[in-house]
Amino acid sequence: MDVLAGKVAIITGASSGIGRATAKLFAREGACVVVSGRRQAELDALVSEIEAEGGYATAVAGDIKGEEIAKALVDTAIDQFGGLDVAFNNAGVLGETKPITEMSLDEWHETLDTNLASAFLGAKYQVPAMLARGGGSLIFTSSFVGYTAGFPGMAAYAASKAGQIGLVKALAAEYGASGIRVNAVLPGGTDTPASITNAPDATPEVQAFVERIHALKRMASPEEIARSVLHLASDASSFITGTAFFVDGGVSITRT
Ligand SMILES: NC(=O)c1ccc[n+]([C@@H]2O[C@H](COP(=O)([O-])OP(=O)(O)OC[C@H]3O[C@@H](n4cnc5c(N)ncnc54)[C@H](OP(=O)(O)O)[C@@H]3O)[C@@H](O)[C@H]2O)c1
């Protein structure tokens, strides 16, 4: 279908999981993609896979907590592909999970800087590039955690993901008149390396619990999340902005 034909997209957190699946889908749909993460080898492998399928991709490795990478990603999109239309700000970590009384300020900052300050920095550099194109689509990966559900031990993660939704609403209002749409995607439990079900100490009981709390009684694949990100990136969602967009298998509405 090539719904992103002629578009240029940045995807952070593309070295694995949801970001990787989205980069591949965007490229198959015609976008030139700039992919990022810290792990150069994983990014290089992704670029090779995309190119082998006839797509266009380039990798810029770096730590998303820094302002340099936010600028470098936009500069690369402009220099190599001529501009920027879509940014999927997806890099994130669960961070330390522990009672708040045991959490250090450094641990708090690590999670908030990775998940929330990076969203601010991404937008700061992506917005001017999109304004130069007459519009665009900014998408952030938030979570149901901190929005429709609270879990013990996840204060920093919940605060970072809820903060992204506030950022989305402000930016959607700030740049709507300029043609930039801004949305958050809220995945349910997704089978990626970051999932608690794939933690070294995860048990079958943890897997069963996570599946059970979803109305669909299963977790998502990264590709299922990617398809909804594609919707928010493409003109198919041309009147959607400022939303917290659930792709959560009903985890936000179940009590059974
Ligand atoms: N899986 C779930 O159940 C779930 C549910 C709701 C929301 N989410 C959110 O979905 C997003 C993607 O996570 P995922 O599940 O796909 O996990 P993942 O496979 O672990 O992917 C996380 C990505 O973020 C990147 N990243 C982490 N810290 C970074 C840093 N400091 N600098 C640069 N890149 C960094 C990682 O790249 P490097 O390691 O190469 O740096 C990796 O590419 C996250 O924001 C997560 O919070 C996940």
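A crossing of two helices is left-handed if the near helix is turned anticlockwise from the far one by less than a right angle, and right-handed if clockwise. Helices (H or I, at least four residues) and strands (E, at least two) are DSSP runs, numbered from the N terminus.

The structure is a predicted model, in which local features need pLDDT of at least 70 and side-chain atom pairs count only at pLDDT 80 or more, while totals for chains, interfaces and linings use all residues. Residues are numbered from 1 along each chain as its sequence is written, and side-chain values use heavy atoms, with hydrogens and water left out.

The protein chain holds seven helices and seven strands. Read from the N terminus, its elements follow the order β-α-β-α-β-α-β-α-β-α-β-α-α-β. The radius of gyration of the protein chain (taken over C-alpha atoms) is 17 Å, close to the 18 Å that the globule rule gives for 256 residues, so the chain is as compact as a globular protein of that length. That rule is 2.2 Å times the number of residues to the power 0.38. Along the principal axes, the C-alpha atoms fill a box of roughly 50 × 35 × 35 Å.

Of the 256 residues, 50% are buried, meaning under 20% relative accessible area with a 1.4 Å probe, protein chains only. Contacts (heavy atoms within 4.5 Å) can be sorted by sequence separation: among those between residues at least 6 apart, 72% join residues at least 24 apart.

Two helix pairs can now be described. Axes are lines fitted to C-alpha atoms, for helices over the stretch in contact, and angles run from 0 to 180 degrees between N-to-C directions.

Helix 4 (residues 105-133) packs against helix 5 (residues 155-175) at an angle of about 15°, with the axes 8 Å apart. That makes the two helices roughly parallel, a term for angles under 35 degrees. Helix 4 passes helix 5 in a right-handed crossing. Residues making the contact include Trp108, Leu112 and Phe120 of helix 4 and Tyr157, Lys161 and Leu167 of helix 5. The contact residues divide into 15 nonpolar, five polar and one charged. Here Ala, Val, Leu, Ile, Met, Phe, Trp, Tyr, Cys and Pro count as nonpolar, Asp, Glu, Lys and Arg as charged, and the others, Gly among them, as polar.

The axes of helix 1 (residues 17-28) and helix 2 (residues 40-52) come within 10 Å and cross at roughly 25°. Helix 1 and helix 2 are therefore roughly parallel to each other, and helix 1 passes helix 2 in a right-handed crossing. Arg20, Ala23, Lys24 and Ala27 of helix 1 meet Ala45, Leu46, Glu49 and Ile50 of helix 2. This contact has five nonpolar, no polar and three charged residues.

Notes
Angles under 35 degrees count as roughly parallel, over 145 as roughly antiparallel, 65 to 115 as roughly perpendicular and the rest as oblique.
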